[in-house]
Amino acid sequence: MIDPWWRVAIRCRPAERDAVAAFLVGLTGQGVEEAADGRIHTVAESEAEAGALLAEAAETFHDIEGAISRLDPVDWSVHWRDGITTRRFGRVIVTPSWRPVVADPGDVVLTIDPESAFGNGEHGSTRAALALLERHVRPGDRVLDLGSGSGILAIGAALLGAKSAVGIEIDEDALPIAEANAVRNGVGERVTFLMGDAAVLPAIVAPAELLCSNILRTVNTILLPTIHAALVPGGVAIFSGMEEAEEAIFRPTLLASGFAPFDDVHDGGWWAVAAHRA
């Protein structure tokens, strides 16, 4: 007889969703789901554990709303996987390890499981960035990935033919996850992950033909001079991590900073844009 589990549902500010999701995964070891209404769901083994989890989240993130509810008896240690799907982005198929796929000629398969490092293709900002990456990375490109998280974009670039990809991440816990993901996908020799400040390290590993920055709009704005300097003339920058409402704010900023937007993607309320360096 399987004991009932308890759902913990948390509503937070959009800018904190990624941090809240990573926080919950780190505490529970369980996957999380972003519901259609924007709430983040996870599960706990008892009502007391669910209440304690919600209390700890509220102490860490002060502007949240949460609720717990009893679930029908299900083996949630496995059942949460049902919400993780295989997705296609042009030639790129992103799939968890428990959903093997048969690729068509010309396709590349990126295997990645949800862990505490952000980025497995289930979030709109990652999906939008990956869609633009698939369209615009070219064989032989040198790629930089700022805020690389799980490494999904850097790994995707290498699978699509990039000569090299360097991911820069401030969270030291994300690095071993990203490195393991690169090895799993057979690109460990061409993908490197560094821990440090995205405002400093690009100058050391530049130049690049393509750069991804899947971070908040405010951070993307601060990094614009660094990104411009790291790219070769005519290089492509892909900016993501922004809500659709922020497009009207960020587009003029891009133009004023020496970038020419030429492609974009909207996905689940999130917006990403590709721009050439002037």
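The model is predicted: local features need pLDDT of at least 70, side-chain atom pairs count only at pLDDT 80 or more, and totals for chains, interfaces and linings use all residues. Residues are numbered from 1 along each chain as its sequence is written, and side-chain values use heavy atoms, with hydrogens and water left out.

**Nonpolar cores**
- A nonpolar core is a set of buried Ala, Val, Leu, Ile, Met, Phe, Trp, Tyr and Cys residues joined through side-chain atoms within 4.5 Å; buried means under 20% relative accessible area, exposed over 50%, and partly exposed in between (1.4 Å probe, protein chains only).
- In the largest core, of 37 residues, L133 and I238 touch the most other members.
- Helix α5 (residues 152-159) supplies the largest share of this core, 7 residues.
- Another core, of 23 residues, lies apart from it and includes L144, L146, A198 and V273.

**Helix α2**
- Helices (H or I, at least four residues) and strands (E, at least two) are DSSP runs, numbered from the N terminus.
- Residues A50, L53, L54 and A57 of α2 are buried.
- These residues lie on the same side of α2, because they cover an arc of only 95° around the axis, taken from the directions from the helix axis to the C-beta atoms.
- A48 and E59 are exposed on the other side of α2.
- The cover over the buried residues of α2 includes β1 (6-11), α1 (17-28), β3 (40-44) and β4.

**Residue S69**
- S69 belongs to strand β4 (residues 65-70) and, at 29% relative accessibility, counts as partly exposed.
- Leaving aside neighbours within four places in sequence, S69 is in contact (heavy atoms within 4.5 Å) with W5, W6 and R7.
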